[in-house]
Amino acid sequence: MKKPLQWMSAVCLAALLCAPVAAGDLMMARVNRLFPEAMTLLQSAISSRGYAVTRLQQVNENLERREFKSDMYRVVYFGKHEEVRQATAREPGLIPFLPLNITIFAEGDQAILVTSHPQMLRDYFPDPELKPLFERWEKDMLEIMDELREAG
């Protein structure tokens, strides 16, 4: 029973990762570059849109405890300090969702990018004054993912 379930899960995950950008509340992209190069391109794409990379988190130890072997798995946090400050002052409930982030991990000779879709924020925080900010974040995230996908 366990093998068919694992196989079905793998097939579903593969189908989702082949989707161009969105799957439910997630945005995903497959990049035809090795992880180190994709990581450099990701940080460059983020910076070129005026964001500052605030943190690179390695999650290898937690993955290894779950028997997932990879040293190429990072979460890249980024934002624009002043807009994050203003948005969280207006809506303190945004604090757990910021700064924005994209997870990048290696899969063979490709890299996979995954992030939460900014549409989710509009659903949870319907304040009309935040809507333009969420729309810009969505546009920027789509552009970042497209830029990396097209680089491959």
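Predicted model: local features only at pLDDT ≥ 70, side-chain atom pairs only at ≥ 80, totals over all residues.
Which residues does Arg49 touch, not counting residues up to four places away in sequence? Arg49 touches Lys80, Asp140, Glu143, Ile144 and Glu147, where contact means heavy atoms within 4.5 Å.

Residues are numbered from 1 along each chain as its sequence is written, and side-chain values use heavy atoms, with hydrogens and water left out.

View 1. Arg49 is found in the loop between α2 (35–47) and β3 (52–58). Helices (H or I, at least four residues) and strands (E, at least two) are DSSP runs, numbered from the N terminus. With a relative accessible area of 18%, Arg49 is buried; buried means under 20% relative accessible area, exposed over 50%, and partly exposed in between (1.4 Å probe, protein chains only). Arg49, Lys139, Glu143 and Glu147 are linked in a network of salt bridges. A salt bridge is a side-chain nitrogen of Lys or Arg within 4 Å of a carboxyl oxygen of Asp or Glu. The side chain of Arg49 also makes a polar contact with that of Ser48, at 3.2 Å. A polar contact is a pair of N or O atoms within 3.5 Å; within protein, one must be able to donate a hydrogen and the other to accept it, and residues adjacent in sequence count only if both atoms are side-chain atoms.

View 2. Side chains of opposite charge can pair when their charged atoms come close. A search of the whole structure finds 14 salt bridges. In one of them, Arg90 pairs with Glu129, and the closest N and O atoms are 3.4 Å apart. Arg90 lies in helix α4 and Glu129 in the loop between α5 (119–124) and α6, so the pair ties together parts that are 39 residues apart in sequence. Arg90 is partly exposed, at 42% relative accessible area, and Glu129 is exposed, at 58%. Within helix α6, Glu135 and Lys131 lie four residues apart, about one turn of the helix, and their side chains form a salt bridge (3.7 Å, N to O). Glu135 is partly exposed at 35% relative accessibility, as is Lys131 at 43%. Arg136 and Asp140 form a salt bridge too (3.5 Å, N to O); they are four residues apart in α6, or about one helical turn. Arg136 is partly exposed at 27% relative accessibility, whereas Asp140 is buried, with a relative accessible area of 6%.

**View 3. The two sides of helix α4.** Helix α4 spans residues 81–90, and its buried residues include Glu83, Ala87 and Thr88. These residues cover an arc of only 125° around the axis, which puts them on the same side of α4; the arc is that of the directions from the helix axis to the C-beta atoms. The face turned away from the buried side carries the exposed residues His81 and Ala89. Helix α6 (131–151) is part of what covers the buried residues of α4.

View 4. Seven of the seven residues of strand β4 (residues 73–79) are buried, so the strand is largely enclosed by the rest of the structure. Tyr73, Val75, Tyr77 and Gly79 point one way from β4, while Arg74, Val76 and Phe78 point the other way. Two strands pair if DSSP finds at least two bridges between them. Strands β3 and β4 pair in the antiparallel sense over six bridges, and Ala52 stands opposite Gly79 in β4. Strand β5 (residues 100–107) runs antiparallel to β4 and is joined to it by six bridges, with Tyr73 opposite Phe105 in β5.

**View 5. Trp137 and the nonpolar cores.** In soluble globular proteins, nonpolar side chains tend to be buried together. A nonpolar core is a set of buried Ala, Val, Leu, Ile, Met, Phe, Trp, Tyr and Cys residues joined through side-chain atoms within 4.5 Å. The largest has 32 residues, and those with the most contacts inside it are Leu42, Leu94, Ile102, Ile104, Leu113 and Trp137. Helix α6 gives the largest share of this core, seven residues. Apart from this core lies another, of nine residues, among them Met28, Val59, Val75 and Ile112. Not counting residues up to four places away in sequence, Trp137 touches Tyr51, Glu83, Leu98, Leu100, Pro118 and Leu121.
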